[in-house]
Amino acid sequence: QAKALGRGRHSTFHSTMRLQAQQRISLEEALGNAVQNGEIKPFLQPIFRLDDKTLTGFEALVRWQHPQLGLLMPAAFLEQAEDSGLIQEIDMCVFASACAVIASWQQIHGLGNLRLSSNLSARSLADPRVKVHIKEILESTAINPASVYLEITETTFVDDIESTTATINALRDLGLRLAIDDFGTGYSSLLYLKRFPVGVLKIDRSFVSGLGKNPEDEVIATTILTLAKALELEVVAEGVENEAQMKRMRELGCDYGQGYWFGHPITIEATDVAFIEPLRQAPLIP
Ligand code: C2E
Ligand code: MG
Ligand code: MG
Ligand code: MG
């Protein structure tokens with residue numbers, strides 16, 4: 001389309017820019033209604049214990065089922081959501097839907113401690129309305145709060161420290177725990193590990209991918225695990241894509257693994273079929 005509009009290289013460049021700007025505005029407009037229209041939904045990716053390969057729980061990852069563009073990944077719209085202030089609403093929508101389904105699965109015999117991990121943007125943590133919303137969601141779904149982890153990144157702690165601290169303290173009082181996402185890629189001090197109710201570190205997949213090949217990645221993974229053990233934190237390896245990475249993380253003493261090797265993020269319905277249904281049918285006494 002830009003090519004058809006443009007005459008010569010210069011104007012093609014400008015019409016492409018205009019087209020991109022228009023697309024961005026229309027995406028942002030559409031995003032404003034996406035939550036109300038039920039187009040925002042969580043996909044679920046399983047997390048497994050590395051020692052006995054049992055299912056621990058799921059991370060909720062947002063997807064936008066766009067009426068014209070199809071299924072959109074977070075990379076296609078999260079930045080716009082942050083910039084336009086819609087991210088809080090999206091975070092709460094994902095959290096509410098995921099809480100409802102995990103709470104229902106917790107009713108199944110043996111799954112009472114099934115975990116949910118949900119992502120919160122720094123903007124959500126800085127918004128005083130979010131803690132109120134989370135409290136309401138916990139109450140209405142009756143999920144076990146001790147099995148709920150909110151994933152935040154290290155950079156969250158340098159953003160609007162006062163309101164962020166207020167939210168985090170309120171979440172702790174509700175019995176929730178924090179997981180530090182993409183651990184090792186941020187740039188803030190480690191002081192937050194002491195100050196806040198962090199229960200889990202998630203080793204970023206950039207360190208997991210080089211295991212067994214790249215000595216630096218081995219050192220970084222080992223160091224994160226040593227730190228976590230000393231602080232009595234659990235560790236999840238992110239982006240585990242093959243058996244070698246899984247085995248190496250297990251050898252190093254990592255507690256949990258998540259990644260394509262265990263399962264891709266899929267719909268709630270597909271998750272029920274693939275992971276929950278077999279557990280429903282399992283004999284009560286093995
Ligand atoms: P994240 O929280 O670190 O989530 C892990 C990302 O890695 C997901 O990408 C997941 O699909 C992908 N992944 C999982 N296993 C593998 C693997 O084995 N190999 C590779 N290469 N990738 C793997 P996704 O779903 O595109 O999400 C990207 C990011 O968007 C997330 O990174 C998170 O930062 C953000 N995000 C997702 N959902 C939400 C949400 O509801 N709220 C907010 N604020 N952010 C979200
Ligand atoms: Mg995450
Ligand atoms: Mg991550
Ligand atoms: Mg990430």
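This is a predicted model: local features need pLDDT of at least 70, side-chain atom pairs count only at pLDDT 80 or more; totals for chains, interfaces and linings use all residues.
Close-up 1. Residues are numbered from 1 along each chain as its sequence is written, chains are lettered from A and ligands numbered from 1 in the order in which they are written, and side-chain values use heavy atoms, with hydrogens and water left out.

The magnesium ion (ligand 2) is held by Glu 59 (OE), Asn 119 (OD1), Glu 151 (OE) and Asp 181 (OD), at 2.0 to 2.3 Å. Glu 59 lies in strand 2 and Glu 151 in strand 5 (residues 148-153), 92 residues apart. Donors are N, O and S atoms within 2.8 Å of the metal (3.2 Å for Na, K and Ca); water is not among the atoms, so sites may look incomplete. Helices (H or I, at least four residues) and strands (E, at least two) are DSSP runs, numbered from the N terminus.

Close-up 2. The magnesium ion (ligand 2) and the magnesium ion (ligand 3) are 4.2 Å apart. Asp 181 coordinates both. Along the chain, the donors of ligand 2 follow the spacing E-x59-N-x31-E-x29-D.

**Close-up 3. Aromatic pairs.** The structure holds eight aromatic pairs. Rings of Phe, Tyr and Trp (its six-membered ring) pair if their centres lie within 6.5 Å; planes under 30 degrees apart count as stacked, over 60 as edge-to-face and the rest as tilted. Phe 48 and Phe 262 are stacked, 5.3 Å centre to centre with 20 degrees between the planes. Phe 48 sits in strand 1 (residues 40-49), Phe 262 in the loop between strand 9 (256-257) and helix 12 (268-281). Both residues are buried. Phe 58 and Trp 105 are tilted, at 5.7 Å and 55 degrees. Phe 48, Phe 58, Trp 105, Trp 261, Phe 262 and Phe 275 form one aromatic cluster.

Close-up 4. In helix 3 (residues 74-84), the buried residues are Pro 74, Phe 77, Gln 80 and Ala 81. Seen down the helix axis, they fall within an arc of 155 degrees, so they line one face. The arc is that of the directions from the helix axis to the C-beta atoms. On the other side, Ala 75 and Glu 79 are exposed. Just after helix 3, Gly 85 takes a positive phi of about 80 degrees.

Definitions and conventions:
Buried means under 20% relative accessible area, exposed over 50%, partly exposed in between (1.4 Å probe, protein chains only).
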